[in-house]
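Please read the following report alongside the sequence and the coordinates, which are shown first.

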Amino acid sequence: MHPAATIDTNRFGAEAINLKNAQVQKLVMILLGIMATVLVIPVVMIVITLIQRGGPAISWAFLTTFPSNGMTAGGIFPALLGTVWLVAISLLASVPLGVAAAIYLSEYAPQDHWLTRVINLATINLAGVPSIVHALFGLGAFVAFFHLGTSILAASLTLAVMTLPVVIVASWESLQSVPQAFREACWNMGATRWQTIWHVVLPNALTGILTGIILQVSRAAGETAPIMFTGAAFFLPHLPSGVMDQTMALALHLFTISTQVPGVPDEIPFGVALVLFGIVLVVNTFSIWLRMYLRSKKKW
Amino acid sequence: MASQLSSQTDNASAGDLRNQDWYLDKFFQSIMFLCGISAILFVLGIFIFVFKEGSGFIIHQLDWAEFFLSPKWRPTSATQATYGTFAMVAGTAAVTVISMAIALPFSFGAAIFIAEFARGKTREWLKVIIEMLAAIPSVVWGFIGLMIMNPLIIDTFDVPIGLNVLNSGIILGLMAAPIITSIAEDAFKAVPDTYREAAEALGATKWQVVYKVILPAAKNGLLSAALLGIGRAFGETMAVLMASGHALTVPTSVFDSIRALTATIAAELGETPVGSDHYQALFAIGIFLFSITFVINMTADFIVRGIKNQ
């Protein structure tokens with residue numbers, strides 16, 4: 001056979017090299033898809049396992065009664081309430097500070113100035129500090145130096161310092177997404193910088209900031225190390241009466257009953273893990289929904 | 001550009017318009033500035049307070065060679081307390097290496113898939129679910145290591161204990177994966193579309209574009225993603241405390257139990273008298289951890305900045 005004849009039949013079809021490339025492309029795409037799926041599988045399996053093994057423990061009584069029998073039975077009410085306390089107070093501290101810091105960075109700070117650069121670096125580093133080092137800081141600063149003792153206030157402030165960088169970054173992104181033209185229009189009307197921020201920039205960025213803050217709820221609720229030595233207790237027979245008392249917390253409670261207390265039936269720690277993950281999941285889903293809703297409503 | 005514009009108008013009008021609004025504006029500017037520098041104050045504060053608690057030990061007691069080279073951590077020994085962190089450093093390093101061996105390929109693979117191949121609903125769902133992975137609290141991860149991975153590893157590999165380097169490595173890998181994925185995805189997104197269009201116009205397939213054009217262009221971003229992932233795995237506390245077995249050994253295989261630096265602080269700090277040598281030695285470990293994550297974060301940022309300056 002003449003070699004030209006075979007080439008001729010393929011003149012308008014795909015050449016061998018293109019066919020091979022197309023096959024490689026298909027193979028790679030499947031491989032990458034599998035890699036992405038591998039990250040999805042654990043989430044699904046964890047959700048299913050927690051529901052299967054922790055589900056039976058969940059009841060109204062489980063959520064509203066004290067642990068009993070040396071924490072081998074009973075409910076999680078004080079831990080649940082403690083987590084609400086800690087998250088609420090930490091947000092009360094970190095949100096105003098973080099949003100204000102973001103306003104400074106986004107609206108006032110001169111670009112390419114060394115101080116702006118240092119603030120950005122500090123924010124990045126604050127986000128990267130290991131949680132146990134935050135615990136050491138909380139112990140040294142809030143518990144000892146400011147004489148707050150091991151209390152809800154000390155633990156909440158430690159959590160607040162930890163969540164601060166994320167509040168700053170989320171708020172900053174949201175403020176940056178407000179078009180510059182909005183500000184310029186307002187300045188042209190003779191408004192001061194603060195009037196512009198208060199009446200134009202903040203209202204337009206508010207929902208985005210809110211989305212970032214909601215995510216902080218789940219992060220603060222799940223943290224254990226920073227509150228271990230600053231205000232959360234393994235077990236307390238009564239509810240805290242104020243912010244200077246210690247409290248139980250859901251995350252620490254899960255650690256305690258799964259590692260420190262012998263003879264706890266499996267379903268209780270699984271139940272606690274399910275409640276903790278459930279809170280985080282609900283909060284996150286709400287935040288994601290809010291984000292998608294906002295994207296669809298965007299005016300610019 | 002915008003800020004220059006406004007400062008000019010400020011200067012022009014400042015002379016005749018110093019009314020209540022003007023003072024209010026200056027007042028809020030000062031407040032925002034004070035809050036703005038709070039991040040710097042807290043980073044300094046962390047360093048100062050952690051150093052303050054550990055300084056007595058570091059200055060008067062610390063034997064640097066023992067601290068870094070001896071595997072013997074016997075802080076409670078009445079006669080001869082030794083403070084060697086070598087076994088913990090080795091344990092932390094082993095877990096971090098395993099976690100990255102798991103997290104890096106899958107995260108980069110997932111990031112390429114999300115950024116370059118997946119479309120529409122698939123992409124949205126993948127992103128949402130990987131975000132969920134990041135939301136699982138570390139204590140829940142530790143609990144999963146303890147209750148699910150532990151028996152699984154014992155059965156699969158026929159080893160006596162499943163709380164080891166492998167277990168905590170897998171857990172930490174999964175914890176670090178979402179962060180690495182999202183930063184890597186950002187790095188791919190930062191590659192200009194003109195690069196893709198130019199390559200495709202030459203007849204390259206999608207994969208050829210990714211392999212020959214996008215990966216080289218995004219390599220700094222990927223490096224910084226990897227570094228931040230390492231920082232995350234290195235500093236993780238509760239998960240590694242619960243899933244590593246907390247045994248003071250220098251690991252020789254992935255089935256050895258280890259004790260991490262972070263976990264040691266978490267496990268022992270509650271039981272040490274405030275101000276004792278042991279207490280201060282734990283703060284010294286804290287300073288060590290803080291310094292390493294500081295260097296990792298600065299390096300990652302430096303690399304990313306390198307891209308922007310190009």
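Residues are numbered from 1 along each chain as its sequence is written, and chains are lettered from A, with ligands numbered from 1, in the order in which they are written.

**Confidence**

The predictor gives the complex an ipTM of 0.87 and a pTM of 0.87. For chain B the average pLDDT is 87, and 93% of the residues score at least 70, where pLDDT is the predictor's confidence in each residue, from 0 to 100. Residues 1-9 of chain B have a pLDDT below 50, and beyond near neighbours in sequence this stretch has 8 contacts in the model; two residues are in contact if their C-beta atoms, placed from the backbone, lie within 7 Å. Where pLDDT is low, the predicted coordinates should not be read in detail.

**The two chains**

Chain A contains 12 helices and 2 strands, arranged along the sequence as α-α-α-β-β-α-α-α-α-α-α-α-α-α, while chain B has 14 helices and 2 strands. Helices (H or I, at least four residues) and strands (E, at least two) are DSSP runs, numbered from the N terminus. The radius of gyration of chain B is 25 Å, well over the 19 Å that the globule rule gives for 310 residues, so chain B is more spread out than a compact globule.

| Chain | C-alpha box along the principal axes | Buried residues |
|---|---|---|
| Chain A | roughly 95 × 65 × 35 Å | 48% of 300 residues |
| Chain B | roughly 75 × 60 × 35 Å | 46% of 310 residues |

Among contacts in chain A between residues at least 6 apart in sequence, 75% join residues at least 24 apart; in chain B, residues 24 or more positions apart account for 72% of the contacts with a separation of 6 or more.

**Domains**

Chain A is divided into domain 1 (16-57) and domain 2 (60-297), with bounds that come from an automatic or database domain assignment. The centres of these two domains of chain A, taken over C-alpha atoms, are 32 Å apart, and 7 residues of domain 1 of chain A are in contact with 9 residues of domain 2 of chain A. In chain B the assignment gives domain 1 (2-63) and domain 2 (83-309), whose C-alpha centres lie 33 Å apart. Their contact takes 11 residues from domain 1 of chain B and 8 residues from domain 2 of chain B.

**Interface and core**

Between the chains, 75 residues of chain B are in contact with 77 residues of chain A. The side of chain B that touches chain A has 50 nonpolar, 19 polar and 6 charged residues, where Ala, Val, Leu, Ile, Met, Phe, Trp, Tyr, Cys and Pro count as nonpolar, Asp, Glu, Lys and Arg as charged, and the others, Gly among them, as polar.

The largest nonpolar core has 191 residues, and those with the most contacts inside it include A:L86, A:L250, B:I171 and B:I180. Such a core is a set of buried Ala, Val, Leu, Ile, Met, Phe, Trp, Tyr and Cys residues joined through C-beta atoms within 7 Å. Helix α5 (residues 86-117) of chain B gives the most to this core, with 18 residues. Not counting residues up to four places away in sequence, B:I180 touches B:A103, B:L104, B:S107, B:A225, B:A226 and B:G229.

A:H147 lies in the loop between α6 (131-145) and α7 (152-176) of chain A, and its phi is near 55°, a positive value in a residue other than glycine. B:D158, in the loop between α7 (138-157) and α8 (165-189) of chain B, has a positive phi of about 55° although it is not a glycine. Most residues other than glycine have a negative phi. A:H147 counts as exposed because it has 8 C-beta neighbours inside 10 Å, and B:D158 counts as exposed with 8 such neighbours inside 10 Å.

Key
Predicted model: local features only at pLDDT ≥ 70, side-chain atom pairs only at ≥ 80, totals over all residues. Buried ≥ 20, exposed ≤ 12 C-beta atoms within 10 Å, placed from the backbone. Rg over C-alpha atoms; globule rule 2.2 N^0.38 Å.
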